[in-house]
Amino acid sequence: MAEAVPRPTADRRNYMKLEVTSLPPNAELCRLAVAVFAAALPFTLAEIEELKVAVSEAVGNCALHAYPEDPGRVEVRARYEDVGLCVDVQDWGRGIDDVERARQPAFTTSSDPDHMGLGFAFMEQFTDVLEVTSTPGSGTLVRMRKRPAAAAGGAPA
Ligand SMILES: Nc1ncnc2c1ncn2[C@@H]1O[C@H](COP(=O)(O)OP(=O)(O)OP(=O)(O)O)[C@@H](O)[C@H]1O
Ligand SMILES: [Mg+2]
């Protein structure tokens, strides 16, 4: 029988950093890595699913918007905080001219009807804190914080 894979430790000294090219399939790799890392905290499966959506939206944006011509570098970092998780998705691509406008639901610069401008709305809905900092021409940092509802005193789902 196969041995169980050990869970990561929630030791606050523990962190993860994953560097990938901004090719669309790598969004799956990043979201799975963050999900495994997050599993050391008392997240419900539904919360882990939310985290996965938020991470893949952020990494997907790097492929689509940060580096529209050639794939570039994307870093996904995660660390434990007092009672939750902090995840950074950073690129060094095109950057965002007006972050406030970009965060509005249904705002998109894409002409592809499959992209409805909802990525930031999902990130906002599925995390507790979403910070976006960007410099046009230099890149974008998306920082998401999420704490397990159980840790915040709520009943687990
Ligand atoms: N990493 C990034 N680099 C440059 N621009 C970005 C980045 N992330 C988002 N944007 C800009 O912000 C806009 C809104 O992003 P959002 O993810 O909400 O929607 P979308 O990607 O256009 O569509 P959807 O996510 O629904 O497929 C994008 O259209 C793009 O102009
Ligand atoms: Mg998007």
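Does Glu47 count as buried or exposed, and at what relative accessibility? At 11% relative accessibility, Glu47 counts as buried (buried means under 20% relative accessible area, exposed over 50% and partly exposed in between, with a 1.4 Å probe and protein chains only).

The model is predicted: local features need pLDDT of at least 70, side-chain atom pairs count only at pLDDT 80 or more, and totals for chains, interfaces and linings use all residues. Residues are numbered from 1 along each chain as its sequence is written, chains are lettered from A and ligands numbered from 1 in the order in which they are written, and side-chain values use heavy atoms, with hydrogens and water left out.

**Figure 1. Overview of the protein chain.** The chain has four helices and five strands, which follow the pattern β-α-α-β-β-α-α-β-β along the sequence. The radius of gyration is 16 Å, close to the 15 Å that the globule rule gives for 157 residues, so the chain is as compact as a globular protein of that length. That radius is taken over C-alpha atoms, and the globule rule is 2.2 Å times the number of residues to the power 0.38. Along the principal axes, the C-alpha atoms fill a box of roughly 45 × 35 × 30 Å. Of the 157 residues, 40% are buried. Among contacts with a separation of 6 or more, 64% are accounted for by residues 24 or more positions apart. Helices (H or I, at least four residues) and strands (E, at least two) are DSSP runs, numbered from the N terminus; contact means heavy atoms within 4.5 Å.

**Figure 2. Surroundings of Glu47.** Glu47 lies in helix H2. With neighbours within four places in sequence left aside, Glu47 is in contact with Pro42, Lys146, Arg147, Pro148 and Ala149.

Figure 3. Arg13 forms one with Asp11, the closest N and O atoms being 2.4 Å apart. Arg13 is exposed, with a relative accessible area of 70%, whereas Asp11 is partly exposed at 27%. The side chains of Arg12 and Asp82 meet in another salt bridge, at 2.8 Å from N to O. Asp82 lies in the loop between strand E2 (73-80) and strand E3 (85-91) and Arg12 in the segment before strand E1 (15-21), so this pair ties together parts that are 70 residues apart in sequence. Both Asp82 and Arg12 are exposed.

Figure 4. The closest N and O atoms of the salt bridge between Glu131 and Arg145 are 3.5 Å apart. Because Glu131 lies in strand E4 (residues 129-135) and Arg145 in strand E5 (residues 139-146), the pair ties together parts that are 14 residues apart in sequence. Glu131 is partly exposed, with a relative accessible area of 36%, and Arg145 is partly exposed at 23%.

Figure 5. Arg73, Glu75, Arg77, Asp88 and Arg143 are linked in a network of salt bridges. Arg73 also lies over the face of Trp92, at 3.8 Å from the ring centre. A charge sits over a ring if NZ of Lys or CZ of Arg is within 6 Å of the ring centre and within 35 degrees of the ring normal.

**Figure 6. Aromatic pairs.** The whole structure contains two aromatic pairs. The rings of Phe37 and Tyr80 have their centres 4.3 Å apart and their planes at 10°, so the pair is stacked. This pair links distant parts of the chain, with Phe37 in helix H1 (residues 26-38) and Tyr80 in strand E2, 43 residues apart. Both Phe37 and Tyr80 are buried. The rings of Phe122 and Phe126, with centres 5.9 Å apart and planes at 20°, are likewise stacked. Rings of Phe, Tyr and Trp (its six-membered ring) pair if their centres lie within 6.5 Å; planes under 30 degrees apart count as stacked, over 60 as edge-to-face and the rest as tilted.

Figure 7. Phe122 and Phe126 are four residues apart in helix H4 (residues 119-126), separated by about one helical turn. Phe122 counts as partly exposed at 31% relative accessibility, and Phe126 as buried at 16%. The buried residues of H4 are Gly119, Phe120, Met123 and Phe126. Seen down the helix axis, these fall within an arc of 140°, so they line one face of H4; the arc is that of the directions from the helix axis to the C-beta atoms. They pack against helix H2 (45-66), helix H3 (99-102), E4 and E5.

Methods: Salt bridge = Lys/Arg side-chain N within 4 Å of Asp/Glu carboxyl O.
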